[in-house]
Amino acid sequence: MTTDTVTDVFEEHRPVLLGVAYRMLGRVADAEDVVQDAWLRWSGGDRSGVREPRGYLVRITTRLAVDRLRRIKARGETYVGPWLPEPYLTDFGDTAPDAAERAVLTDSVSLALLVVLESLSPLERAVFVLREAFGYPYADIAAMLDRGEPAVRQLAGRARRHVEERRPRYEVDPARRRDLTERFLAAAAGGDLGALMELLAPDVRLIGDSGGKSRAPLRVLEGADHVGRFLLGAARKGVPDLSFRFVELNGGPAVLTLSGDRPDSVLQLDVADGRVRTVYIIRNPDKLRSLAAA
């Protein structure tokens, strides 16, 4: 391959590689680092025996992501308050030609799923991502991870059971979620507790991620009254030079709150049966840097 061809092939598959790495790690910066490492191995390695570049690159990326995830878990770092994935800008464009495929893609990067995936082992997570999000056959996954196919099937079964037991159900239709998010914002900004309570499920949960670097609840809030009153109190305190922007994050509508030109927070709702079931608020400034140009 010429240098131009080597680069073009890698760039063609970069979105898939970034998608694999992000689903594995839940961190945009780490995913980008893994993809950069994959590029170095691709561009500097022996490619003479590569018949299928996409599969080869996914294998490299997956193994690098597994290694990085193992190192992260081995460090055993203590996170201040609840942890949420780093928000991930998603624009499926022409890659999701029908509603069914879009629903699968949306679900595979949702905040709810990524939180559950954090509790899997690195190998379980790799198998789940490659099988459920990208549809790879078990034999291909076994080759990518240098494991036997029966072992991969066992990993897949354990991961799937774990996820199904813990993953909440929610509405994936973006128009419905956008409509309820707009009504939610209007009620909170207007200080209308009654209107807000009508939108919240009785067992609603609020998960705030600040990493101890900004103001947010240091534990998960539960129950409509508790969550509603917290939201109204936060709205009254306000943010200097406040503005809102709707963006698509993790496959669904979200609100990016800005203080001047600086990202202040991200708000996203999980909705089921016309009610808000989970409120996600991300205020850790380290997780908002990639949204500065959103």
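Me: Which residues in helix 6 and helix 7 meet?
Reply: Leu123, Ala126, Val127, Leu130 and Arg131 in helix 6 meet Tyr138, Ile141, Met144 and Leu145 in helix 7. Contact means heavy atoms within 4.5 Å. Helices are DSSP runs (H or I, at least four residues) and strands are runs of E (at least two), numbered from the N terminus. This is a predicted model, where local features need pLDDT of at least 70, side-chain atom pairs count only at pLDDT 80 or more, and totals for chains, interfaces and linings use all residues. Residues are numbered from 1 along each chain as its sequence is written, and side-chain values use heavy atoms, with hydrogens and water left out.

Me: What describes two packed helices?
Reply: The angle between their axes and the distance between the axes. Axes are lines fitted to C-alpha atoms, for helices over the stretch in contact, and angles run from 0 to 180 degrees between N-to-C directions. Helix 6 and helix 7 pack at about 140°, with axes 10 Å apart. They are therefore oblique to each other; angles under 35 degrees count as roughly parallel, over 145 as roughly antiparallel, 65 to 115 as roughly perpendicular and the rest as oblique.

Me: At what angle do helix 3 and helix 7 pack?
Reply: Helix 3 (residues 53-75) and helix 7 (residues 138-145) pack at about 55°, with axes 9 Å apart. That makes helix 3 oblique to helix 7. Among the residues that meet are Val58 in helix 3 and Met144 in helix 7.

Me: And where does helix 3 meet helix 6?
Reply: Val58, Thr62, Val66, Leu69, Arg70 and Lys73 in helix 3 meet residues of helix 6 including Pro122 and Leu130.

Me: Which residues lie nearest the centre of the largest pocket?
Reply: Ala234, Ala235, Val239, Asp264 and Ser265, out of 26 lining residues. On a 1 Å grid over the protein atoms alone, a pocket is an open set of points where a 1.4 Å probe fits, with protein on both sides within 12 Å along at least five of seven lines; lining residues have an atom within 4 Å of a point. Helix 11 gives the largest share of the lining, six residues.
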